[in-house]
Amino acid sequence: MKKLLVLQSDFGYVDGAVAAMIGVALGVDDELKVFDLSHDITPFNIYEASYRLFQTVEYWPEGTVFVSIIDPGVGSERKSVVALTSGGHYIVTPDNGTLSHLATHVGIVAMREINEVEHRRKNTEASYTFHGRDVYAFTGAKLASGQIKFEDVGEALDLNCLVKLELPNNEIKENTVAGSIEILDIRFGSLWSSIPLINFQRLDPKHGEVFNIKIAEKGAIKVDMDIKYGRSFADVNIGEPVLYVNSLYRLALALNQGDFSKTFKIETGLDWTLSVSRKN
Amino acid sequence: MKKLLVLQSDFGYVDGAVAAMIGVALGVDDELKVFDLSHDITPFNIYEASYRLFQTVEYWPEGTVFVSIIDPGVGSERKSVVALTSGGHYIVTPDNGTLSHLATHVGIVAMREINEVEHRRKNTEASYTFHGRDVYAFTGAKLASGQIKFEDVGEALDLNCLVKLELPNNEIKENTVAGSIEILDIRFGSLWSSIPLINFQRLDPKHGEVFNIKIAEKGAIKVDMDIKYGRSFADVNIGEPVLYVNSLYRLALALNQGDFSKTFKIETGLDWTLSVSRKN
Amino acid sequence: MKKLLVLQSDFGYVDGAVAAMIGVALGVDDELKVFDLSHDITPFNIYEASYRLFQTVEYWPEGTVFVSIIDPGVGSERKSVVALTSGGHYIVTPDNGTLSHLATHVGIVAMREINEVEHRRKNTEASYTFHGRDVYAFTGAKLASGQIKFEDVGEALDLNCLVKLELPNNEIKENTVAGSIEILDIRFGSLWSSIPLINFQRLDPKHGEVFNIKIAEKGAIKVDMDIKYGRSFADVNIGEPVLYVNSLYRLALALNQGDFSKTFKIETGLDWTLSVSRKN
């Protein structure tokens, strides 16, 4: 067995919370190989958690177990689940929307509710605020180590009950493709849209061609400019904008060695839309 | 052997300091499994280092070796030691107060001074500022790998000489329990007090009951409010305060999806006290 | 085989980029031991990337493979290479200056251009912006796992073509040694100069002796003061400056438990020079 366990949370690496989870996992099986996706998910931001899983899960070997704990509803009635993706990856998470992108873009083929009577660390019943340590890391470690199988997690759930956040709506018109600014490539301030390359290809774009782009917030235009479609940042001069296809095959906007988001004060979410049009 | 080595420091992960330590450890034994507790301890903050060890050590398998380097006195006469806890964990650290919480709440059963003639990397004698790399990571790696035993570290030290910081004083009165705001759950701004659940249980609290809480700085009241005692954040509306038992079984205060510390400008330390009283 | 793979980038650990690279590496060989040098290199800062490799590579076991992706020119004509150091470490990187310090201070003995036809992940040819995942991590993993040898990477390159940044010029005069402020010990604000201990030893310094130091920006003096030469921070009172030899055997300046860089507004780079003179 590969015994790969990958952790994601909004806890930061600034205190002992992540280390407590890793310790618990290694207490289950000290041969586990534990990795971090990110612990700097914006606190309580389930949308971001969902996106970051989508961004990474497929690059990991089949059978890898992901534990994701962005859990503002800890202690509420949200279900604790393990989902199995079409690629054979397991996601241990509260079912609070964290599975939205994987369900939509990758595929969830089965989901089970964690039986907390069996899969909770002993003597933690008086602690209601750290399911990450007491239930999720513990259950994920048992699954990754092979001590339990997916079937042993708990009752199968109806996939129709999976909690899904609203995701962007992508449109194709004659000379225009549109979608939302879903998320930032944070460190570089590049805008990653929801518009897939296959939609954009309907416009038969050529590298070097200039397109008109419009960014709007709730319909109010914030940016309207002509931008070169490049393969990469280096196709434009330093400080210039470029329209490109990002590493997830979606349209994106960057300033070469600059920060598009800060420079033009663009944020992310369903309210922020991007349209890309062929120029006449 | 499990060969688990866990590192804590105030170096950040922003330069090469941590990676140099890990490289040194793997040079001792490349089968070591090296993990991070946190490297974002506030620079020079020994109290925080002590607390974060207390928060995590017990969740790790017996025999795990922790190396903690918050060492403002590097190059001074503070001793370099290895401590053995009652739970069978080893802590490699300067003896500068870093062991305070473990000594008080968990128990240190033996301590030895590192013999730097034997357990210092060769050819580093002209470097006086990076004991973390040259002595602590190196010694921790030898211990975790089984190349040396605890007895080989150096001379046994009298546990009465262990350097202890002053820790909070917890009080129980007829209808009130009190203690200090020891530390923050940083990313969420929740206040973690020193008041143990067993003290609070003397008030026979019920979930859903409202308690009066007072937070003072050096005796001056900063917050005086009635707060619901919940199991978790989700027991109150978003933005509302909740009194709860944290994952270390101590009383804590949070705003559901908010930041209690920033909202009410509350800091941490012995000067910041919390009292929780049954309402008449 | 040791199978050690160490990653450096300017991606941060704030999204899924690093985790995607680790997943790709483990997809090559799930027995790889993957570590982080730092992912908080200042975006696009090749000089910093070069320095951090110099700061850490030598502390790792022979045969360790480093993957460094600070790649503002991704998609341009910069070459993708693997360099072999005199110490037997491999560096997978764009050849954009990242190898400058290793080439100058450690020695590069061979370099090969990555054959991207053979060593690029399948089906990523339409992605031009994430060579870190699709080429560098993938090639580094194959090399670290032993699936390919250095000779299999691609064509050997002439070492004279290696791209080198300008590095500081160190001077020795009768009573003075001089160089540049190369970089910060970031978390503590200490200034790390380029002046090697062996140069300083020409002044026959004694610990406790006071030296005159001058810091200039483009020749304009910013700081002119007398500072004690100590072994470590603890040799001066809290808040006082100290001249010391850092962990890379170069002269450095710190404020004991303070921040020299912020206090005196000193930055880094070739324009920022330090001279240290024996007092008459």
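## A salt bridge within chain B

B:Lys279 is partly exposed, at 41% relative accessibility. In this predicted model, B:Lys279 forms a salt bridge with B:Asp226, and their closest N and O atoms are 2.4 Å apart. The pair links distant parts of the chain. B:Asp226 sits in strand β11 (residues 220–228) of chain B. B:Lys279 sits in the segment after β14 (269–278) of chain B.

## Salt bridges in chain A

Salt bridges that share partners join A:Arg121, A:Arg133 and A:Asp134 into one network. Another pair in chain A is A:Arg120 with A:Glu116, whose side chains meet in a salt bridge at 3.5 Å, N to O. A:Arg120 is buried, because its relative accessible area is 9% and the cut-off for buried is under 20%. A:Glu116 has 27% relative accessibility and counts as partly exposed.

Over all chains, the structure holds 40 salt bridges.

## Where chain C meets chain A

In contact here are 39 residues of chain C and 32 residues of chain A. Together the two chains bury about 2900 Å². Carbon and sulfur atoms carry 60% of that area. Helix α1 (residues 17–28) of chain C supplies 8 residues, the largest share of the side of chain C that touches chain A. That side divides into 18 nonpolar, 13 polar and 8 charged residues.

Polar contacts cross this interface in 13 residue pairs, both residues at pLDDT 80 or more. The salt-bridge count between chain C and chain A is 2. One salt bridge brings together the side chains of C:Asp40 and A:Arg187, at 3.1 Å from N to O. C:Asp40 lies in the loop between β2 (33–38) and α2 (46–56) of chain C, and A:Arg187 lies in the loop between β8 (176–185) and β9 (190–196) of chain A, so the pair joins two chains. C:Asp40 is partly exposed, with a relative accessible area of 32%. A:Arg187 is partly exposed at 23% relative accessibility.

## Where chain B meets chain C

Contacts here involve 39 residues of chain B and 33 residues of chain C. The buried area between chain B and chain C is about 2900 Å², with 60% of it on carbon and sulfur atoms. In chain B, the residues that lose the most area to chain C are B:Val14, B:Asp15 and B:Thr129. Together they account for 19% of what that side buries.

Between chain B and chain C the count is 3 salt bridges. The side chains of C:Lys33 and B:Glu31 meet in a salt bridge at 3.5 Å, N to O. Helix α1 of chain B gives the most to the side that touches chain C, with 8 residues. The residues of that side divide into 18 nonpolar, 13 polar and 8 charged.

## Helix α1 of chain B

This helix covers residues 17–28 of chain B, 12 residues in total. At 1.5 Å a residue, α1 of chain B should span 16 Å. Its end C-alpha atoms are 17 Å apart, which agrees.

The helix is mostly covered, with 11 of its 12 residues buried. Among them are B:Ala17, B:Val18, B:Met21, B:Ile22, B:Gly23, B:Leu26 and B:Val28.

Definitions and conventions
Residues numbered from 1 in each chain as written. Chains lettered and ligands numbered in written order. Predicted model: local features only at pLDDT ≥ 70, side-chain atom pairs only at ≥ 80, totals over all residues. Heavy atoms only, no water. Salt bridge = Lys/Arg side-chain N within 4 Å of Asp/Glu carboxyl O. Buried < 20%, exposed > 50% of the residue type's maximum accessible area, 1.4 Å probe, protein only. Helix = DSSP H or I, 4+ residues; strand = E, 2+ residues; numbered from the N terminus. Contact = heavy atoms within 4.5 Å. Buried area = accessible area lost by both parts, 1.4 Å probe. Polar contact = N/O pair within 3.5 Å; in protein donor to acceptor, adjacent residues only side chain to side chain. Nonpolar A, V, L, I, M, F, W, Y, C, P; charged D, E, K, R; others polar. Expected span 1.5 Å × (residues − 1).
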